[in-house]
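Subject: Structure for your review

Dear colleague,

Please find below the structure that I am handing over to you. My notes on it follow directly after.

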Amino acid sequence: MFTETKKSMEWGDETLTLETGKVARQADGSVIATLGETSVMANVTFAKTQKPGQDFFPLTVHYGEKYYAAGKVPGGFFKREARPTEKETLTSRLIDRPIRPLFVPGFKNEVLLICTVLSHDLVNDPDVVAMIAASAALTISGAPFMGPIAAARVGFVDGEYTLNPSCDDMHQLRNNPEQRLDLVVAGTKDAVMMVESEAYELSEAEMLGAVKFAHDAFQPVIDLIIELAEDCAKPPFDFQAPDYSDLFNAAMAAGETQMRAAYAITDKQERTTAVAAARDVIKAALTEEQLADENLGSALKKVESKILRGDVVKTGRRIDGRDTTTVRPIVSETGFLPRTHGSALFTRGETQGLVVTTLGTGDDEQMIDALTGTYRSNFILHYNFPPYSVGEVGRFGFTGRREIGHGKLAWRALQAVLPAPTDFPYTLRVVSEITESNGSSSMASVCGGSLSMMDAGVPLKAAVAGVAMGLILEEDGSYAILTDILGDEDHLGDMDFKVAGTEAGITSLQMDIKIAGITPEIMEKALAQAKDGRIHILGEMSKALTEASEFSAHAPRIETMQVPTDKIREVIGSGGKVIREIVEMSGAKVDINDDGVIKIASANAEAIKKAYDMIYSIVAEPETGSVYNGKVVKIVDFGAFVNFFGKRDGLVHVSQIENRRLNHPSDVLKEGQDVKVKLLGFDERGKVRLSMKVVDQETGAEIVEEKSEG
């Protein structure tokens, strides 16, 4: 009934298995990839005909995590996997980016790739497994795919690279000082196609070494996919790339002069209008048959690409007049909004971000329900890209994949410099509103985010800047690396290479390639050029702010204290009675975690102190020899009981009340009277022994008994 094919190999510390032929047999390609006990099923289907008038490649990648894979039930009221989580969206993008450029140019049939996590061992992250499964499924499907690709994750501990570190190693990188890198690399046999990373100030050489390490490490996986395809791949789909060279030549002849003049305009809006007018000139010169050609859009794009790319490589001059290494003019402004906790307006050329920081308490932390478990995050970054930022009228609705991806990139760039939660116990929410965009708005979010947090008083370890690099690689091998690319250079170029970091090193690297990969030599030059750009941007940012500003008057104050874990129950009380009483009496917000860390928050310093003192009186132990303020709560024949430390009482024996003989304690004391006592210690039964006579009842100072000379 089944014609199964299975291939396995040892990869790192685990066994990698690829199998097909038993499940989802009606898909064009179906592969289940398993690493350890993490399994992902990838299913590919593609349309055998192109829709009329289709002028782009409609590839859809969907990665989904099923909670049953980890033996869990989805949280919330609706017990079904619904909208994609942030992790699912990011992984969908991770799979899409390296495979999209590898479809044969001109192929515009609809392709659907669905990756489903079937099993998760909580050790091996399914994202890399999904990329391998997707590559294998495409390779055996018969689709015009110039793969295969493979992928690997790399860690960096004690100067050594590690292959496919575990989920525990990678989870919350900030809390693991030994682990300095979370890098995912995808590529073909000969070149790197995609890089995504989160790092702790790695040098350019260390980062490049990690990329090379990953590329070498996944070569056996590519061989395994080829071995699988040799046994079970379907016949190649009969597709011939359309030849529209005659149409392209006609378009160039009709409008090269106008298009070249349009791209000589430095202002984005004027240039966009001029390019549209040049297109109209070209169309007016074409025949009806040429206008009806479905490849007209591709031909016009190639005209634009030829002019823009050729001029840059030959002359080194770009469409806005810059050379290849110059960063656009930068203006930074902090304290832009009066009532927010922190704000910055960062403008670089025609790209601008208004970035706002809000400081919250523990109640504001982001709860994340993942396959690996539920955890909390105290750093949140949201990126918004409204249509007006590019002068367009467009749909304005739910957060899209682009917003999630760019926001996560900025998050990764900034997380490495955040203070430890024990040093700065706030929840941080950073929101980047892109108000203008002409290239690299995610890097503007990094720069603005760094300034905004410092404006809010966040003691960052260092300022962070980001720069987007581009590449134009011609057929003859000549190329140009571009610093701080424009939108058109991104659109018509071959690479989008984003690097963020401090003066000390890289905190995030993301690379997307539109061609069949780049060599390590090009990447090394791009990293070196990016470092120069980053240092320049940091210098421009320092004109606005160089360190954390004064704490905002509108932000809550938070003080932390550590209590023994065995005292947590006493602080909370039965049914939360004690902690509710503390909150009500002090007016402060109190949050306590399982480790005994208590955060006390309020805009009022007195409220924080009152709550702190109330908690301290519950958890602290009185110290022998110390003097305390107390209150007489009961008088008996042999002495008086005094409440002196929180709810703790002790006995002042009648002989310890005064330096004279008393008939009865009531001769000098009454219930409710304030007194000062010294803790003498504890008797053999643990009873508290207090003394009044050794303390000056006016000043609270100890009375030192003078020894007589004899």
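**Findings**

Glu365 is buried, its relative accessible area being 19%, which falls under the 20% limit used for that class. Please bear in mind throughout that this is a predicted model. The side chain of Glu365 meets that of Lys599 in a salt bridge, with 3.8 Å from N to O. Lys599 is likewise buried, with a relative accessible area of 14%. The two residues belong to distant parts of the chain: Glu365 sits in the loop between strand 13 (351-360) and strand 14 (366-370), while Lys599 is in strand 24 (residues 597-602), 234 residues apart.

**Other salt bridges**

The count of salt bridges comes to 40. One of them pairs Asp28 with Lys48, whose closest N and O atoms are 3.2 Å apart. Asp28 lies in the loop between strand 2 (14-20) and strand 3 (29-35), and Lys48 lies in the loop between strand 4 and strand 5, so the pair ties together parts that are 20 residues apart in sequence. Asp28 counts as buried at 14% relative accessibility, whereas Lys48, at 43%, counts as partly exposed.

A further salt bridge is formed by Asp125 and Lys87, again with the closest N and O atoms 3.2 Å apart. This pair also links distant parts of the chain, with Asp125 in the loop between strand 6 and helix 2 (126-141) and Lys87 in helix 1, 38 residues apart. Lys87 has a relative accessibility of 30% and counts as partly exposed.

An open sheet is formed by 6 strands in the order 1-2-3-4-6-5, with mixed pairing. Strand 1 (5-11) and strand 5 (59-65) stand at its edges; each has a single partner strand, so one side of each is left without a neighbour in the sheet. From one strand to the next, the twist averages 15°. Within the sheet, strand 4 (residues 38-46) and strand 6 (residues 111-119) run antiparallel and are joined by 8 bridges. Ser39 stands opposite Ser119 in strand 6. Helix 1 (residues 86-99) packs on the sheet, where it touches strand 5 and strand 6, and its direction makes about 140° with that of strand 5.

**Nonpolar cores**

Which residues touch the most other members of the largest nonpolar core? Of the 154 residues in that core, they are Trp11, Ile95 and Phe497. Helix 2 gives the most to this core, contributing 11 residues. Leaving aside residues up to four places away in sequence, Phe497 touches Val467, Ala468, Met469, Leu509, Gln510, Met511, Met523, Ala526 and Leu527. As a general background, nonpolar side chains tend to be buried together in soluble globular proteins.

**Domains**

The chain is divided into domain 1 (5-232), domain 2 (245-315), domain 3 (330-543), domain 4 (557-619) and domain 5 (626-691). Between domain 3 and domain 5, the C-alpha centres lie 64 Å apart.

Yours sincerely

Definitions and conventions. Residues are numbered from 1 along each chain as its sequence is written. This is a predicted model: local features need pLDDT of at least 70, side-chain atom pairs count only at pLDDT 80 or more; totals for chains, interfaces and linings use all residues. Side-chain values use heavy atoms; hydrogens and water are left out. Two strands pair if DSSP finds at least two bridges between them. Helices (H or I, at least four residues) and strands (E, at least two) are DSSP runs, numbered from the N terminus. Axes are lines fitted to C-alpha atoms, for helices over the stretch in contact, and angles run from 0 to 180 degrees between N-to-C directions. Contact means heavy atoms within 4.5 Å. Domain bounds come from an automatic or database domain assignment. A salt bridge is a side-chain nitrogen of Lys or Arg within 4 Å of a carboxyl oxygen of Asp or Glu. Buried means under 20% relative accessible area, exposed over 50%, partly exposed in between (1.4 Å probe, protein chains only). A nonpolar core is a set of buried Ala, Val, Leu, Ile, Met, Phe, Trp, Tyr and Cys residues joined through side-chain atoms within 4.5 Å.
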